[in-house]
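Good morning, and thank you for joining this group meeting.

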Amino acid sequence: MRNGIRQRLAAELPEINGRVLESHEDGSSLDKPYVVLVQGAEAGINDWTGYGRMYEVWPYQSLAAGFSSVDSLSAAIVRSLDGQTLSDSATGEVFTCKYEGTVGSDLEDEAHDALTRGLRFSVAAVEPAERAETVPGDSWLDALAAWTRTLLGPEWQAYVGKWPPGYLEPAVLWRIVGLETADGNAATVKIRKQVTGHVLGRTPNEQTDATVRIAEGLKRDGKISLNEAQKQHVTVQECAAITEADALRSGQLSVTLMRRSARSPAGSSPEDAPLMREVRYDSIGF
């Protein structure tokens, strides 16, 4: 990832003429401006976002150029990385950066006769091979993802379970956060699944618009098809949206889906059948 970020900065910032340094390299003899790239800590975020890694980018400008030049170069760095899907030719990794703000205040680096400011970027869904795992499939989520692609169009990606390494924007992630069963009638049980939707747009307006469209579409359609030929579907019971929620970590959509499942084994699929169909207790006196 480090190499991918370095390549992006060198390509998008012609004024630095490829001068992207590591933290251990001394840039005191280099022409300014130049950029120093620092890899920070890696830590687990949550089950669906995976591990996150922090990077710091420090633009260096000459004292004579003033902090307005730091402002300009900082803005260019944010534009080149924030929300952009990058690739690392050395490792084959594909990833997306998110701007997280500055590192402290502006600095005057007397040793390098320079002005600088730290910019923080995060990369989520980092999955080293030793920690990678396969998310079990769920027909409800797969159907919801297919419905989402149809609603939003082919440029949108729809993922299920967890953010994959190399996820592309714009995208929607659906994941199950709860499940309950209840008696329906003598022949069926009701199965409800609580689902959270994460809507990640390329711009705030695109993100909000897609969130609203999904919420309205679910309310309007009222059901999601599981198997069109067999007329199987799940019903949308509730749908709520908070457009300002964190798209990557918490999600903006809360949806309750319901389906009736036959009690008899012949009429239900293994994934929808409750773990315990019924319990019988016979009291025997002695």
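The buried residues of helix 2 pack against helix 1 (2–12), strand 2 (34–46), strand 3 (50–62), strand 4 (85–87), strand 5 (94–109) and strand 6 (114–126). Please keep in mind that this is a predicted model.

Helix 2 itself has 15 residues, and from its first C-alpha to its last it reaches 21 Å, close to the 21 Å expected at 1.5 Å a residue. Its buried residues include Val70, Leu73, Ile77 and Val78. After helix 2 comes Gly83, with a positive phi near 75 degrees.

Is Val78 buried or exposed? Its relative accessible area is 19%, and because buried means under 20%, Val78 counts as buried. Leaving aside residues up to four places away in sequence, Val78 touches Tyr99, Leu119 and Phe121. The C-alpha atoms of Val78 and Lys98 are separated by 8.9 Å, although these residues lie 20 apart along the chain.

Six strands form an open sheet in the order 7-8-9-12-11-10, with mixed pairing. Strand 7 (157–160) and strand 10 (223–227) are at the edges; each has a single partner strand, so one side of each lacks a neighbour in the sheet. On average, neighbouring strands here are turned by 30 degrees against each other, direction ignored.

Strand 10 pairs with strand 11 (residues 232–241) in the antiparallel sense, over 4 bridges. Lys223 stands opposite Thr235 in strand 11. Helix 3 (residues 139–152) packs on this sheet, and its direction makes about 140 degrees with that of strand 8 (171–183).

Note on methods:
Residues numbered from 1 in each chain as written. Predicted model: local features only at pLDDT ≥ 70, side-chain atom pairs only at ≥ 80, totals over all residues. Heavy atoms only, no water. Buried < 20%, exposed > 50% of the residue type's maximum accessible area, 1.4 Å probe, protein only. Contact = heavy atoms within 4.5 Å. Helix = DSSP H or I, 4+ residues; strand = E, 2+ residues; numbered from the N terminus. Expected span 1.5 Å × (residues − 1). Pairing = 2+ DSSP bridges. Axes fitted to C-alpha atoms, helices over the stretch in contact; angles between N-to-C directions.
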